[in-house]
Amino acid sequence: MPGATAPRTDPAPLLPDVSPVRVLGTPALEKHDPALLRELYRRLVVGRRYNQQATTLTKQGRLAVYPASTGQEACQVAAALVLGERDWLFPSYRDTLAVVSRGVDPLEALTLLRGNAHTGYDPRASRTAPLCTPLGTQAPHAVGLAHAARLRGEPVVALAMLGDGGTSEGDFHEALNFAAVLRAPVVFLVQNNGYAISVPLSAQSAAPSLAHKAVGYGMPGRLVDGNDAPALHSVLTEAVERARAGEGPTLIEALTYRIEAHTNADDATRYRTEPEVDAWREHDPILLMDRALRELNLLDDELVQDAADEAEALAARMRAEFHADPELDPMTLFAHVYAEPTSQLREQAAQLSAELAAEAEVQH
C-alpha cells in the first residue's frame, strides 16, 4: 500500500523542548511584564502559607487528609492565572491551591478533604470541576467539556492538571487521543514531581520525558521548569492561546518536586533521601523568584511585607473558619449524584430519612 507507512504528520514540530524552558536566571526575564512578575511572587508567598496552614489543620484533626503542593506552588499559581473567566479548570486532589488561586474560598476548596461533602463549591459558578481523587479521570472530562463548548461556538479552554502518576492511567491516554482527534481546546499540565506516592518516575515510564508522549497522539509536547513561575506562565499562556485559536490541545510537562510527604498518612523517608529533598529546596520556586526580582530591583520591602501580611491574613481566616464545627445534613449525600436519581438511590435516601426521623423521635 503506497504511503501506508508514511507519517500522517511531520513529528518534528510536535517534539518537546530539548531542555526545560526557563526564564528565571536568563535574559528572557527582562522581557516579562514587571507587574506580572510581582504578582507571581505575591501569589507564591500566599500559596506557600496556604499549604503550611492546611498541613497544620490536618495535624490538628480539622482536615481528614491533605496532599500538600509545597514546592509545586508555581504550577498551581500559573495554572490559575492563565485562565480566563469563562475557561474551566479540572484539578486533581493535590491542586487545591490552584482552586483557591482561581477564587474559590479555602473552606469550600478543602471541604472534600475535610470529609464533609462530595465537593464544597459550585463547579458552575467557579468554572472549576470538583477535586478529582481517582487518578486521571478528570482528563477525559476536560476534553468532553472543551469539545462541547467548541461545538456551541463558545471560546472556552479547559485545563486539566495531573501528576506524573496520572500519566500511567488509561484515562490519561484516552483523553489525549480524543483531544487530538477532535482538536479540542484543552491543555494538559502534568506536574512531574518525581514520584507517584512512593513509585519513582523510572518505574512508571521509559520515555525520554512525559512530554514526548504527546507526539504519539498528534499534539505538541512542551517541557518546562515547574519551579520557574514566569516560564510556566509563558508556556501555559501559549498553549491556552493556541487552544482558543482552534489549533488543538497541548501536553505540558512541568518538572517540579513535592517537598512534603504524599499526604499526612505517608512516610516519605521510606523511599527518598533527605539530601535529595535538600537539593530541591535550593530550587524552591519562591527562592528563585526572590533572587531574580531582587536582581532586577523589582522586589522591595513593601511588596515583601504586603505579601507576608496577605498570607498571614489568609492563614488566620482559615484557622477561624476551620475551628468552627460545620452543621451537616446527611441527606445532602444524595444531592448532585445523578440529574435524575435512580430507583436505588431514592430507596437509600428514603431509608436514611426514616432512620434520621426515628433518631429525632427518640431524642425528643
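Does C132 count as buried or exposed, and at what relative accessibility? At 8% relative accessibility, C132 counts as buried. Here buried means under 20% relative accessible area, exposed means over 50%, and partly exposed lies in between (1.4 Å probe, protein chains only).

This is a predicted model, in which local features need pLDDT of at least 70, side-chain atom pairs count only at pLDDT 80 or more, and totals for chains, interfaces and linings use all residues. Residues are numbered from 1 along each chain as its sequence is written, and side-chain values use heavy atoms, with hydrogens and water left out.

**The cysteines**

A search of the whole structure finds zero disulfides. A disulfide is counted when a pair of cysteine sulfur atoms lies within 2.5 Å.

**Helix α8**

Helices (H or I, at least four residues) and strands (E, at least two) are DSSP runs, numbered from the N terminus. Helix α8 covers residues 170–182, which is 13 residues. From first C-alpha to last it reaches 18 Å, close to the 18 Å expected at 1.5 Å a residue. The expected span is 1.5 Å times one less than the number of residues.

Which residues of α8 are buried? They are F172, A175, L176, A179 and A180. Seen down the axis of α8, these buried residues fall within an arc of 120 degrees, so they line one face of the helix. The arc is taken from the directions from the helix axis to the C-beta atoms. On the face turned away from the buried side sit the exposed residues F178 and V181.

The buried residues of α8 pack against α7 (138–151), β2 (158–163), β3 (186–192), α9 (213–217) and β7 (250–255). Contact means heavy atoms within 4.5 Å. Just after α8, R183 takes a positive phi of about 55 degrees.

**The strands around it**

Five of the six residues of β2 are buried. β2 pairs with β1 (residues 88–90) and with β3, as the table shows. Two strands pair if DSSP finds at least two bridges between them.

| Pair | Sense | Bridges |
|---|---|---|
| β1 and β2 | parallel | three bridges |
| β2 and β3 | parallel | six bridges |

F90 has A160 of β2 as its bridge partner.

Together, β2, α8 and β3 make a right-handed β-α-β unit. Right-handed means that, with the strands pointing away from the viewer, the path from the first strand over the helix to the second runs clockwise.
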